[in-house]
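Student: I would like to work through this structure by question and answer. Where should we start?

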Amino acid sequence: MSDLVDFRRDLHRHPELRFQEVRTAKLIADQLLAAGIRPRIGQARTGVVATLEGEAAYPHILLRADIDALPTADLKSVPYASSCPGVAHACGHDVHTAVVLGVAQALAARPSRRGRVTFVFQPAEEIPFGESSGGQEMLDTGVLDGVDVVLGLHCWPTLDAGVIGVDLDVAMASKMAFRILVTGTGSHAATPSRGRDALLAASAMVGSLHQLLGREIDPGSRVALNVGTFHGGQSQSIVPSEAELTGTIRTVDEGDAGRLRNAVERVVAGLADAAGVTVQVEWKNDMPAVRNDKRLVQRALSVLGGSETLTVVALDQPPMTADDFALYARQRPGLYVKLGVRDPSGVRPAPPLHDGQFDVDESAIPAGVSGLLALIDDLFDNGWQGDPR
């Protein structure tokens with residue numbers, strides 16, 4: 001597995017943003033070709049897809065990895081730190097890619113193979129406001145045609161390397177993204193009463209939006225709201241006439257999502273009226289929750305629970321992270337597991353996802369390969385519910 005660690009470090013050193021993953025895709029394609037698997041490049045713009053045929057066409061399993069990096073600085077002092085200023089694999093997509101590549105290599109090396117596996121290396125899982133999902137673009141290519149089951153995994157820094165977490169129901173929350181455009185009237189800073197300060201009104205909106213959770217949703221509900229960007233103003237001497245906020249709402253319950261959406265619009269409209277400004281709220285990038293198929297959950301707990309090298313844990317508290325794997329799992333029975341990446345010794349810190357210090361214990365890579373292979377073998381050996389397509 002040392003080659004997979006080297007491969008992961010190469011990706012980590014050379015991260016690429018959404019729909020710019022040209023070098024990444026070439027490295028993946030070269031590795032697949034070396035394993036005897038013919039890749040299809042340029043899928044969903046910069047993605048890679050490859051299908052490994054077995055002695056039987058059923059079941060047909062799709063295994064997905066996301067390959068894009070984040071627009072954030074890598075703050076680690078390690079030999080494989082990002083060489084691209086302002087771009088980093090701070091969400092573990094390099095690990096996901098290495099693990100799925102390792103599964104492909106292992107299956108291709110077998111003298112006798114059973115069912116069919118399609119490997120999807122998907123671009124653009126990270127989705128800025130109003131931009132397209134790489135997952136949706138991949139689905140638009142017809143990648144799910146004939147597929148029976150979809151599998152995937154995500155790095156999880158609160159679990160030790162060697163541990164695989166299986167969510168009993170929701171593996172990732174649903175997400176709605178919003179943009180709030182505030183328009184006022186500019187004036188000189190010396191005469192602020194002649195203007196209507198869009199920046200001041202927007203600032204009040206930030207605080208009020210975060211207070212929403214305590215009054216709109218019952219305590220204990222799984223919800224999260226974040227204002228992630230705030231832009232406005234042109235000069236210290238001008239009362240700004242425009243300001244913009246963007247953020248997300250994450251929920252598990254669709255009823256909570258609807259109530260929060262209505263509450264956001266109500267609160268910002270009231271604050272805008274009080275400040276004498278106008279406001280426009282846009283909603284984009286709605287993403288459903290990732291829901292694990294209950295039959296696959298039970299099989300995973302049983303199969304991985306019998307492993308001598310892995311530890312499996314059942315997870316019953318849905319996280320507030322979101323993922324466009326939801327689009328695959330909405331159309332086919334799916335299982336999205338959590339790959340522990342924390343140093344079991346506790347010596348190395350375990351920064352959260354999207355942190356500039358994020359890194360992994362690389363023993364997680366062979367653990368991820370072993371776990372996914374065990375799940376695939378179980379589906380091959382014991383079949384899947386329903387008639388073959």
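Student: In which loop is Asp 324 placed, and is Asp 324 buried or exposed?

Tutor: This is a predicted model, and in it Asp 324 lies in the loop between β15 and α8. Buried means under 20% relative accessible area. Asp 324 has 1% relative accessibility, so Asp 324 counts as buried.

Student: Which residues does Asp 324 touch, not counting residues up to four places away in sequence?

Tutor: The contacts of Asp 324 include Arg 64 and Met 287. Between these in numbering, Asp 324 also touches Gln 122, Ala 124, Glu 125, Ile 127, Ser 133, Gly 134 and Gly 135.

Student: How many aromatic pairs are there, and what geometry does the pair of Phe 178 and Trp 283 have?

Tutor: The count comes to 3 aromatic pairs. Phe 178 and Trp 283 are 5.8 Å apart centre to centre, with 65° between the planes. Planes over 60 degrees apart count as edge-to-face, so the geometry of Phe 178 and Trp 283 is edge-to-face.

Student: How many residues apart in sequence are the parts tied together by Phe 178 and Trp 283?

Tutor: Phe 178 lies in strand β8 (residues 174-183), while Trp 283 belongs to strand β13 (residues 278-287). Both residues are buried. The pair therefore ties together parts whose separation in sequence is 105 residues.

Student: What is the geometry of the pair formed by Phe 325 and Tyr 336?

Tutor: The ring centres of Phe 325 and Tyr 336 are 4.4 Å apart, and the angle between the planes is 15°. Planes under 30 degrees apart count as stacked, so this pair is stacked.

Student: Where do Phe 325 and Tyr 336 lie, and which residues form one aromatic cluster?

Tutor: Phe 325 is in the loop between β15 (311-315) and α8 (326-329), and Tyr 336 is in strand β16 (residues 334-342), 11 residues apart. Phe 325 counts as buried because its relative accessibility is 0%, and Tyr 336 is likewise buried at 0%. The one cluster is formed by Phe 325, Tyr 328 and Tyr 336.

Student: What charged end sits over the ring of Phe 19, and what is the phi of Phe 19?

Tutor: Phe 19 is found in the loop between α1 and α2, and it is buried, with a relative accessible area of 16%. Over its ring sits the charged end of Arg 45, 3.6 Å from the centre. Although Phe 19 is not a glycine, its phi is positive, at about 60°.

Student: How far from the centre of the ring of Trp 156 is the charged end of Lys 338?

Tutor: The charged end of Lys 338 sits over that ring. Its distance from the ring centre is 4.1 Å.

Student: What span does helix α2 reach, and which of its residues are buried?

Tutor: Helix α2 (residues 22-34) has 13 residues and reaches 18 Å from its first C-alpha to its last, close to the 18 Å expected at 1.5 Å a residue. What covers its buried residues includes α1 (2-13), β1 (39-43), β2 (47-52), α3 and β4 (116-122). The buried residues are Thr 24, Ala 25, Leu 27, Ile 28, Ala 29 and Leu 32.

Student: How many residues of α3 are buried, and what span should α3 have?

Tutor: α3 is mostly covered, with 14 of its 16 residues buried. The end C-alpha atoms of helix α3 (residues 93-108) are 22 Å apart, which agrees with the span the helix should have at 1.5 Å a residue: 22 Å.

Student: How do α5 and α6 cross, and with what handedness?

Tutor: The axes of helix α5 (residues 198-216) and helix α6 (residues 254-275) come within 10 Å and cross at roughly 145°. Residues of α5 including Ala 201, Met 205 and Leu 212 meet a set in α6 that includes Leu 260, Val 264 and Leu 271. The crossing of α5 past α6 is right-handed.

Student: Is Arg 8 buried or exposed, and which residues is it in contact with?

Tutor: Arg 8 is found in helix α1. Its relative accessible area is 0%, so Arg 8 is buried. Leaving aside neighbours within four places in sequence, its contacts are Tyr 80, Asp 94, Val 95, Ala 98, Asp 359, Val 360, Glu 362 and Ile 365.

Methods: Residues are numbered from 1 along each chain as its sequence is written. This is a predicted model: local features need pLDDT of at least 70, side-chain atom pairs count only at pLDDT 80 or more; totals for chains, interfaces and linings use all residues. Side-chain values use heavy atoms; hydrogens and water are left out. Helices (H or I, at least four residues) and strands (E, at least two) are DSSP runs, numbered from the N terminus. The expected span of a helix is 1.5 Å times one less than its number of residues. Buried means under 20% relative accessible area, exposed over 50%, partly exposed in between (1.4 Å probe, protein chains only). Rings of Phe, Tyr and Trp (its six-membered ring) pair if their centres lie within 6.5 Å; planes under 30 degrees apart count as stacked, over 60 as edge-to-face and the rest as tilted. A charge sits over a ring if NZ of Lys or CZ of Arg is within 6 Å of the ring centre and within 35 degrees of the ring normal. Contact means heavy atoms within 4.5 Å. Axes are lines fitted to C-alpha atoms, for helices over the stretch in contact, and angles run from 0 to 180 degrees between N-to-C directions. A crossing is left-handed if the near helix is turned anticlockwise from the far one by less than a right angle, and right-handed if clockwise.
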